[in-house]
Structure formats: C-alpha cells, structure tokens
Amino acid sequence: MAADDYAVIVGITSYPGLRTLQGPENDARVFREWAVSPAGGQVPDVDGVNIQMVCSSKYPAAATTPEARPWKADVYAALDKLRALGESKGGRTGRRLYLFFAGHGITPDNEVDEAALLMANAVKGGLSHVPGRKVVTYFRAAAYFDQVVLFMDCCRDAWGSTRLQSYDWDVLNRSGPVKHFSGFASQWNEKAREAAFELTKGKPEVHGVFTAHLITMLRGGSMTAAMLRGLMLNSAKRFAVPSTEYVPVFEPDAQTAIVLNEGAQPVQFPVSIRFNGLQPGEELEVRDGRFKTVYRDRPAGSEVAIPLPPTNYEARIRGTTREVVFDVPGQDSITL
C-alpha cells in the first residue's frame with residue numbers, strides 16, 4: 001500500500017444555472033474505487049484524510065444558483081488540508097497526489113492549455129471554476145508531493161470572456177523535482193461527453209466517456225503513465241459516442257517515472273485470433289514489433305485467445321502467406 005498517497009476527487013452533477021449532468025458523481029465513485037483498490041491506486045481507504053470526496057450529493061439540494069454547492073472554497077478546503085499536513089511535516093505531505101475532477105468545464109481567458117472545472121454555483125456571467133493545470137503547477141512548485149497526477153473529465157469550451165480564477169495561496173517554490181502527469185477528456189474548445197457504460201457487470205449507468213475509458217484501461221494491470229497514454233490514444237475510437245469527436249489529451253507524452261497499479265500484474269489484453277484450421281506443417285505464430293515470437297503453437301479448433309502486453313504485433317500462419325498486423329489495445333479480435 002502507498003501509505004502516503006492522497007486523492008482529492010470532485011464530481012459535480014447539479015448545476016441550477018446550467019444543464020444538470022448524470023455522470024460526474026458516478027465517475028467520482030468509480031475513480032475512488034480504483035484509487036483505494038489493492039490492484040489499483042493503493043491509496044489508504046481513509047475518508048477525510050487520504051481520500052477526500054467533494055461531490056454534489058454531500059450538500060443540500062439548492063433551487064437557486066448562489067446556494068448551490070460545492071463551491072470553489074470546498075475544493076480548495078480539501079487541498080488546504082493536504083497543504084497544512086505538509087507544513088506540519090516539514091514541507092512534504094506524501095509521495096503522490098491524485099486529483100480527479102468531473103463536471104462541466106471551460107477554458108477561461110482562452111488559455112488553450114488550461115481546463116477549468118465549473119462549480120455548482122456557476123452561471124453565465126459568473127462561471128466560478130477551479131483551473132486544473134494551474135493547481136498542478138502550484139503543487140509542483142510547492143513540492144508537497146513527489147508526484148502529482150491529474151485527470152479531468154469535463155468540456156474545455158473556449159470562454160474568453162471569463163477571467164482565469166486562480167487560487168489564493170501564496171507562491172511557494174521549493175527545490176526538488178516533482179513528477180507529473182495529466183489527462184483531459186477533450187481538446188481545447190471541444191466537448192466532453194457522457195453515455196451509458198457497464199463498468200460494473202450487470203449494472204449499466206451513465207459515465208463520462210473519458211472516465212469509462214480511463215477506468216477500463218487502468219483495470220488492465222500495472223503500467224507507466226506513458227503506457228496509459230498510449231493505450232488510451234490507441235483505443236479512443238472504441239469509446240467515442242457516435243457522430244462526436246473524442247480525442248483525449250495527455251501530458252507529458254513520455255512520463256515513465258509514474259507507475260500506476262503498482263500492485264497488479266503487468267498490463268495485458270486478450271486478443272482472439274480466428275483461422276480456418278491448420279493444415280499439416282502449419283503453425284500459428286505471433287511476433288511483437290521487434291520480431292520476437294511471443295506465441296507459437298498448433299491450437300485445436302479455429303480460434304484461440306492470447307493475452308498480450310500493449311505494443312504492435314504480427315500474427316501469421318507459418319508455411320502460408322496469411323498474416324495480419326495489429327495493435328494492442330486497439331484490436332481485440334483478428335482473422336487470418
């Protein structure tokens with residue numbers, strides 16, 4: 001268990017001044033489940049300490065915008081607890097901080113790299129928000145944690161008429177490298193979507209497309225952040241809502257220092273390979289992108305399922321010209 005890892009998880013569904021959403025609280029719940037899982041984030045399952053949830057259902061329902069919560073102050077209060085804990089320990093809170101934000105979102109001031117989560121009291125003319133990348137930048141400079149991981153499942157609508165609303169903390173610049181990794185549900189000025197997914201077998205419910213995709217990939221096993229990025233970019237089309245664009249964003253591109261699902265086996269994905277039987281002398285062979293044979297056999301029947309780590313592959317029937325090149329993830333079944 002990563003005893004000094006922490007998570008602040010925000011899911012906002014209720015917006016009296018905007019359209020109500022269905023997915024963000026479900027997203028927050030499944031991310032929490034992954035965060036505390038022994039095969040997932042391994043964050044100690046201690047609410048209010050290692051895990052802080054800031055969700056619509058924790059506050060009384062509000063009929064008008066001003067009373068609607070959570071507010072910015074609620075999110076920053078959760079982060080303030082971690083700052084105060086770090087100061088009490090000489091400036092270091094822990095190893096890794098997870099930030100997960102789901103709800104409506106914008107890009108204020110047309111700062112094309114930013115993504116800001118709108119608070120429940122947001123309304124046109126007063127779009128109260130928490131800017132995700134700016135919060136990460138603060139924690140990187142303050143060095144309360146060795147690593148900061150941010151995931152945001154929200155739109156990034158360009159909203160140049162809304163000023164970027166920063167935090168009220170004093171600037172802290174401490175020495176020491178802080179590794180970071182961020183994932184966003186959408187490109188600048190693009191929408192995030194929600195739809196029905198069955199992340200729990202037999203229990204379909206509405207989730208953000210990005211969250212459903214993220215959790216599905218994370219459940220695959222141990223991986224670096226760079227590997228997660230590759231997995232999600234290669235498999236994005238499988239999760240896109242029809243007739244919409246879905247291109248998630250991750251930064252930095254090659255973050256190998258952050259390992260996710262440290263307690264799990266290395267990530268693998270099952271690939272079903274179909275073929276019309278094998279003649280005498282023929283064999284099914286699978287080679288990876290370095291031409292290393294990872295499978296070679298004469299399986300009975302006309303189909304075999306092989307678990308494979310993520311990379312590119314070639315499947316072929318030795319002794320014939322039948323071969324197929326495929327990627328994992330991306331193609332979970334091929335035919336020779």
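The questions below ask how some descriptions of this predicted model follow from their definitions.

This is a predicted model, in which local features need pLDDT of at least 70 and side-chain atom pairs count only at pLDDT 80 or more, while totals for chains, interfaces and linings use all residues. Residues are numbered from 1 along each chain as its sequence is written, and side-chain values use heavy atoms, with hydrogens and water left out.

Q: Why is S128 called buried?
A: Buried means under 20% relative accessible area (exposed is over 50%, partly exposed in between; 1.4 Å probe, protein chains only). S128 has a relative accessible area of 10%, so the residue counts as buried.

Q: Which residues is S128 in contact with, leaving aside its neighbours within four places in sequence?
A: They are K72, L117, L118, M119, N121, A122 and Q165; contact means heavy atoms within 4.5 Å. S128 itself is found in the loop between β5 (116-118) and β6 (129-131).

Q: What makes the radius of gyration of the protein agree with that of a compact globule?
A: The globule rule is 2.2 Å times the number of residues to the power 0.38, with the radius taken over C-alpha atoms. For 336 residues the rule gives a value near 20 Å, and the protein has 22 Å, so the two agree. The C-alpha trace spans about 75 × 45 × 35 Å along its principal axes, and buried residues make up 51% of the 336 residues.

Q: What lines the largest pocket?
A: A pocket is an open set of points on a 1 Å grid over the protein atoms alone, where a 1.4 Å probe fits, with protein on both sides within 12 Å along at least five of seven lines; lining residues have an atom within 4 Å of a point. By that rule 23 residues line the largest pocket, and R19, L21, H104, G105 and C155 lie nearest its centre. Two or more lining residues come from each of α1 (24-36), β4 (105-108) and β8 (157-159); helices (H or I, at least four residues) and strands (E, at least two) are DSSP runs, numbered from the N terminus.

Q: How many residues of each class are in the lining of the second largest pocket?
A: Ala, Val, Leu, Ile, Met, Phe, Trp, Tyr, Cys and Pro count as nonpolar, Asp, Glu, Lys and Arg as charged, and the others, Gly among them, as polar. The lining therefore divides into six nonpolar, four polar and two charged residues. Among its residues are V30, W34, R219 and N261, and α1 gives the most, with three residues.
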